[in-house]
Structure formats: C-alpha cells, structure tokens
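Student: I would like to go through the labels in this model one at a time. For each, please set the value against its cut-off and then conclude.

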Amino acid sequence: MHICCFVMAILLESKSIVFQILTLYLLVDNSSGKIFPAVFTFGDSLVDVGNNYYIETIAKPTLPNGIDFGTEQELGFGSFSPPYLSPMAAGDIILMGVNYASAASGILSDTGNIYGGHIGLEAQITNFGNTKQDIMNRIDTAAAESLLRESLYIIAIGANDVMTGLVTTLTNSSREAYFDKLISTFRSQLIRLYFLGARKIVVMNCACIGNIPVRRAIFPNDFIVPLNQVVQYYNSRLKKLLTELTTSLTGSMYVYSDVYASLQNILQNGKTYGKYNCFENVDSACCHGIGPFDGIFSCKTGFQVCKNRSKYMFWDQFHPTDAAYLIMAKHFMDGGLNYISPMNIRQLMNFPVN
C-alpha cells in the first residue's frame, strides 16, 4: 500500500489523538450498545489527517511521519474520518464523519500565515456547513438533524494561537488584550457550530508548551514555568467559556479535555507507567533534529528516528508520540474530572440532547 495513503489517512507518530480515542473505544466492550453515529473533527496538526496535502503550504508532513500507519491497518484499525478535501470524503462515508483539521491553523484566521496556506477554524466550520448540506441531501432532514445532534465533535485547536501570543505580546496588558480577542473569537465559533447542529462537543485545551522540545531548545529551563503559566491562563479562560456555553445553549454539552494535565502526568510519572508504557525519554524528540533536545526543525525526510518510538514521549519538536497519545486517549475516554470535565467521552455517549 502506498505510503501517501497511510499519511493522508492519518498522521500517526506525531499527529492524531483522535485515532487513538476511537481505536480505544473499538477495543472495549460497550454494554449499553450506545455509540456515536459519526465523528467530526476540527483543529490543527494534532488532528490533521491529510487536508494540508491539498493546499499550498510548507506544513505538510513527510516521511518518517506516518511510518506506523501500515502496522495499525494490519491490526484491523481501518475506520477513520476522511479529510474533508480528499476525494474519499464523498458519498455515504460522510455519514460516519469528516475531518476538517489543518496543520498550522488556529482560532484566529491569520494564525499560521508564516507556513503559507492553512484552513483556520472559521473556514473549517464553513466546510462542516457544506457537509451538513450534503448529509441532508442524502437522508431526510429529520434523520440528518438527529445524526448531527448525537455525533461527537472533537476540537483540538488553540496551541498555535497561544504560541503566537507568547511571541507577539510583550507586556501583560497587550497579552490580556490578545487573549480577550482569542476567547471572544472562539466563543463565536463554538456558538456557530451549535447552531449548525452540534451538541456533544469535546474541546481540548493547550498543552504545556514550556516543556515541548522546541521551546526547551530555544529557552533556558528558567522559562518553562513562566511559559506554562501563560498557557494555564488561556486554559482557565477556555474552561470558563465552555461552562458558560453549556449553561446558555439548550441541550448542549461542551466538554473540557485537559491535554495539559494529561501530558503533565506523563512528564512526572512516565518512567514508572509499566512494561508497555514506560517512557525512558520525556525531554527530547524521537525524530532527531538538531540542537538541544533535538528540538530545532520539524521532522522531515532524511531525519533519523529513535530506535524505540514507544519509549519517547515526544515524536518531534511539537508533538507527542503515538505511545503518549494512547495514554491521553485513556484519560479522555474513561478518565475522571482531573482529565476531562464535566464528563468523559464514554459518558458523553449517553448524554441526552435535543
């Protein structure tokens, strides 16, 4: 099978936590018989499964990104939402969900401009509106509305915006104004998604940017805490926003997925997880770049990869490994309020909507 199919379908070993969540669900017994009829995914490189192959951008993953997808398919995990821009996203397959994510994108439309083309969240929601119309053209209106209400919506975006804010806002006052704009824009987008039919919406917060290899390569250790404090400021405002929307929008459930807490747990306890989830390295990138922590330059063709990818927490300068994502998926699928609130994804399946 051609490697491009592997990478376009899903960018494992650096990109997609969604696949791990869905795979985990497929592997466990669901005694209630309740499932999500479809999964619609929005976001940045954490969940981009190939849309950026269809636009002019330098944010395109190349080998060795995606090297483990063939193994995953051989194990039988071949069910995934196709990228919106792919020819695969047509016909009845869209009734099971579509992925709209675009690497380098953000909540703000101009986030990611330095990489060239990208599809910001506003445009991603517009694309979902097009999918909704296509669904309504395939099945009757009542069935389409029911499918959209009961489906799972995963949004993993904001990290690129936060990193932009860290660079471009130099004073506390300008930083606060930047995050005011960011949260206000996100609020409008999440409300727009609600009025397009979404009810069960999982929103991931921003990870601990101060700990990722690229930041550790550029900044001294003294900067880890202040960088993460800015992230925590954004995350606290995001959590408040999601609580507000759940209260004000009838029948909705906006779930706060705490990527920050999950990654911090791995950072602090990763070396003691056990035989199959023991991380020997929680600092450096598995895909060896240059500089401290192999944190300079994104993973690309010609780069060497660590021998045992499951022993590394970070795949490249920005993203965790598949092994780390699997632990995070467990936290979000069945975890407690310290990782996902006010309910986990399994509980969200049975949440009543109208």
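Student: Why is cysteine 208 called buried?

Tutor: Its relative accessible area is 1%. Buried means under 20% relative accessible area, exposed means over 50%, and partly exposed lies in between, using a 1.4 Å probe and protein chains only. Cysteine 208 is therefore buried. This is a predicted model, in which local features need pLDDT of at least 70 and side-chain atom pairs count only at pLDDT 80 or more, while totals for chains, interfaces and linings use all residues. Residues are numbered from 1 along each chain as its sequence is written, and side-chain values use heavy atoms, with hydrogens and water left out.

Student: How many disulfides are there, and what makes a pair of cysteines count as one?

Tutor: The search of the whole structure gives 2 disulfides. The requirement is a pair of cysteine sulfur atoms within 2.5 Å. For cysteine 286 and cysteine 306 the sulfur atoms are 2.0 Å apart, so the pair meets that definition. For cysteine 287 and cysteine 299 the S to S distance is 2.1 Å, so this pair meets the definition too.

Student: Which pattern do the disulfides follow, and where does cysteine 208 stand?

Tutor: With bonded cysteines counted along the chain, the pattern is 1-4, 2-3. Cysteine 208 takes part in no disulfide, the nearest cysteine sulfur being that of cysteine 206, 8.6 Å away.

Student: How do you know the handedness of the disulfide between cysteine 286 and cysteine 306?

Tutor: From the torsion about the S-S bond, which is about -95°, so this disulfide is left-handed. Both cysteine 286 and cysteine 306 lie in the loop between β5 (281-285) and β6 (312-314), so the bond ties together parts 20 residues apart in sequence. Strands here are DSSP runs of E of at least two residues, helices are runs of H or I of at least four, and both are numbered from the N terminus. Cysteine 286 has 0% relative accessibility and cysteine 306 has 6%, so each counts as buried.

Student: What is the handedness for cysteine 287 and cysteine 299?

Tutor: Here the S-S torsion is about 75°, so the disulfide is right-handed. Cysteine 287 and cysteine 299 also sit in the loop between β5 and β6, so parts 12 residues apart in sequence are tied together. At 3%, cysteine 287 is buried, and at 7% cysteine 299 is buried.

Student: Why are α4 and α7 called roughly parallel?

Tutor: Two packed helices are described by the angle between their axes and the distance between the axes. Helix α4 (residues 121-138) and helix α7 (residues 172-195) pack at about 5°, with axes 10 Å apart. Axes are lines fitted to C-alpha atoms, for helices over the stretch in contact, and angles run from 0 to 180 degrees between N-to-C directions. Angles under 35 degrees count as roughly parallel, over 145 as roughly antiparallel, 65 to 115 as roughly perpendicular and the rest as oblique. The label for α4 and α7 is therefore roughly parallel.

Student: Which residues of α4 and α7 meet?

Tutor: Contact means heavy atoms within 4.5 Å. On the α4 side are Leu121, Glu122, Ile125, Thr126, Phe128 and Lys132, and on the α7 side Phe186, Gln189, Arg192, Leu193 and Phe195.

Student: What makes glutamate 122 and arginine 192 a salt bridge?

Tutor: A salt bridge needs a side-chain nitrogen of Lys or Arg within 4 Å of a carboxyl oxygen of Asp or Glu. The closest N and O atoms of glutamate 122 and arginine 192 are 2.7 Å apart, so the pair qualifies. Glutamate 122 is in helix α4 and arginine 192 in helix α7, so parts 70 residues apart in sequence are tied together. Glutamate 122, at 32%, is partly exposed, and so is arginine 192, at 28%.

Student: Why is helix α6 described as largely enclosed?

Tutor: Of the 10 residues in helix α6 (residues 159-168), 7 are buried, so the rest of the structure largely encloses this helix. Among them are Val162, Met163 and Leu166. The buried residues of α6 pack against α7, α8 (213-218) and α9 (224-248).
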